[in-house]
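Thanks for coming. Please have a look at the sequence and the model before I start.

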Amino acid sequence: MSNVKALPLLDPDVDPAVEPCCPPLTERPLTAEEAVRTAAMFKALGDPVRLRLFSSVAAHQGGEACVCDISDVGVSQPTVSHHLKKLKEAGLLTSERRGTWVYYRVAPSVLAAMARMLGQYAP
């Protein structure tokens, strides 16, 4: 049995909560501000541990994961916390403390914005 599930994409044209970071790459060149925002997002995902943590949160049942459930990525707990902090700073994750545990979610507009920006490109 597979744990793979498709995550729903939010439509920025329909859902006002979705704030795309940038236009599709084929629409027009990015402004300096858009490039800085986009580069920070991709830089955060450019680390293999961060990408695994982001993927773990995104794929976790219910769309949120306790740090206790995703910390087995081959690095120490302080390093996991550092990487999660970087993902939050880049606007990729949100978090909520519940008692002694912190629960992480993919920020609502992130997947839609990434899909919108990259999805328009077809060689």
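Let me start with Met41, which sits in helix H1. A word on terms: helices (H or I, at least four residues) and strands (E, at least two) are DSSP runs, numbered from the N terminus. Residues are numbered from 1 along each chain as its sequence is written, and side-chain values use heavy atoms, with hydrogens and water left out. This is a predicted model, where local features need pLDDT of at least 70 and side-chain atom pairs count only at pLDDT 80 or more, while totals for chains, interfaces and linings use all residues.

Is Met41 buried or exposed? Its relative accessibility is 6%, so Met41 counts as buried. Buried means under 20% relative accessible area, exposed means over 50%, and partly exposed is in between, with a 1.4 Å probe and protein chains only. Met41 and Leu87 are 46 residues apart along the chain, and their C-alpha atoms are separated by 8.0 Å.

H1 covers residues 32–45, which is 14 residues, and reaches 20 Å from its first C-alpha to its last. That is close to the 20 Å expected at 1.5 Å a residue; the expected span is 1.5 Å times one less than the number of residues. The buried residues in H1 are Glu34, Thr38, Met41, Ala44 and Leu45. Seen down the axis of H1, these buried residues fall within an arc of 125°, so they line one face of the helix. The arc is taken from the directions from the helix axis to the C-beta atoms. Why can one face be picked out by spacing along the sequence? An α-helix has 3.6 residues a turn, so residues three or four places apart point the same way. On the other side of H1, Ala32, Val36 and Lys43 are exposed.

Next, the chain as a whole. It has five helices and three strands, and along the sequence they follow the pattern α-α-β-α-α-β-β-α. Of its 123 residues, 32% count as buried. A contact means heavy atoms within 4.5 Å. Among contacts between residues at least 6 apart in sequence, 61% join residues at least 24 apart.

How far should we trust the coordinates? The chain averages a pLDDT of 79, and 77% of the residues score at least 70. The pLDDT is the predictor's confidence in each residue, from 0 to 100. Over residues 1–18 the pLDDT is below 50, and beyond near neighbours in sequence this stretch has 20 contacts in the model. Where pLDDT is low, the predicted coordinates should not be read in detail.

Back to the inside. The largest nonpolar core has 24 residues, and those with the most contacts inside it are Leu53, Phe54, Leu84, Leu87, Leu92 and Leu93. A nonpolar core is a set of buried Ala, Val, Leu, Ile, Met, Phe, Trp, Tyr and Cys residues joined through side-chain atoms within 4.5 Å. Which element gives the most to this core? H2 does, with five residues.

One of the H2 residues is Val57. At 0% relative accessibility, Val57 counts as buried. Val57 and Tyr104 are 47 residues apart in sequence, yet 6.6 Å apart in space, C-alpha to C-alpha.

Helix H4 comes next. H4 has 13 residues and reaches 18 Å from its first C-alpha to its last, close to the 18 Å expected. Its buried residues are Val80, His83, Leu84 and Leu87. Seen down the axis of H4, they fall within an arc of 100°, so they too line one face of the helix. The face turned away from that buried side carries the exposed residues Pro78 and Glu89. What covers the buried residues of H4 includes H1, H2, H3, strand S2 (93–98) and S3.

Leaving aside neighbours within four places in sequence, Leu84 touches Leu53, Val67, Ile70, Leu93 and Tyr104, and His83 is in contact with Asp47, Val49, Arg50 and Leu53. His83 has 8% relative accessibility, so it counts as buried.

That is where I will stop.
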